Amino acid sequence: MAGRLTLAIIKPDAFAAGLAGQILAHLQAQDFELVTARVLWLSRSQAEAFYAVHEDRPFFASLVEFMTSGPCMPMLLRRDDAVAHLRGTIGATDPAEAAEGTVRALYAESKERNAIHASDSDENARIEGSFFFAGCDRT
Ligand code: CMP
């Protein structure tokens, strides 16, 4: 059975705009249960480590700049088939391409300042969950 936990991050653009509550309510309305969350301001080395898979991409420096521009809110979410459902709920990376009613269509500013991150596989959900929440593999 597909995994029941995934990681989301409400990014600095959405957090600074006061959208954390609305976005969390949107996710809970899609039957995601909030397992745990924190609010933190990523350091440069944390942001570089989290997005290391993108380090050769032309947008990497700008992405790190954005992700360190203010507090963000990582959270662990639970529901059946969590990774796929969350990816569907948040919509495409670029809000211009995100389906109507998705989090990014509603709240994202641009392809970079796109309001929310979600893990893209069960394996990355475990890796990214452990990045922010010690012992998350026990939940
Ligand atoms: P996220 O789902 O967190 O995964 C990597 C992030 O890099 C992505 O959301 C965007 O914020 C950013 N990103 C991806 N592609 C681009 C791009 N072409 N230009 C700028 N930022 C991008």
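Reader: How far does a polar side-chain atom of Arg104 lie from an oxygen atom of the ligand?
Author: The model is a predicted one, in which local features need pLDDT of at least 70 and side-chain atom pairs count only at pLDDT 80 or more, while totals for chains, interfaces and linings use all residues. Residues are numbered from 1 along each chain as its sequence is written, and side-chain values use heavy atoms, with hydrogens and water left out. A polar contact is a pair of N or O atoms within 3.5 Å. For the polar side-chain atom of Arg104 and an oxygen atom of the ligand, the distance is 3.1 Å.

Reader: Which residue has an N or O atom in its side chain 3.2 Å from an oxygen atom of the ligand?
Author: Tyr51 places a polar side-chain atom 2.6 Å from a ligand oxygen. At 3.2 Å from an oxygen atom of the ligand, the side chain is that of Asn114.

Reader: How much of the accessible area that the ligand has on its own does the protein cover?
Author: Accessible areas come from the Shrake-Rupley method with a 1.4 Å probe. Of the 450 Å² that the ligand has on its own, the protein covers 81%.

Reader: How many charged residues does the shell around the ligand have?
Author: Residues around the ligand have a heavy atom within 4 Å of it; among them are Lys11, His54, Phe59 and Glu112. Asp, Glu, Lys and Arg count as charged. By class, the shell has three nonpolar and four polar residues, and its charged residues number four.

Reader: Why is the pair of Phe50 and Tyr51 edge-to-face?
Author: Rings of Phe, Tyr and Trp (its six-membered ring) pair if their centres lie within 6.5 Å; planes under 30 degrees apart are stacked, over 60 edge-to-face and the rest tilted. The count by this rule is five aromatic pairs. The ring centres of Phe50 and Tyr51 are 5.0 Å apart and their planes stand at 90 degrees, so the pair is edge-to-face.

Reader: Is Phe132 buried or exposed?
Author: Buried means under 20% relative accessible area, exposed over 50%, and partly exposed in between (1.4 Å probe, protein chains only). At 6% relative accessibility, Phe132 is buried.

How values were computed: Polar contact = N/O pair within 3.5 Å; in protein donor to acceptor, adjacent residues only side chain to side chain.
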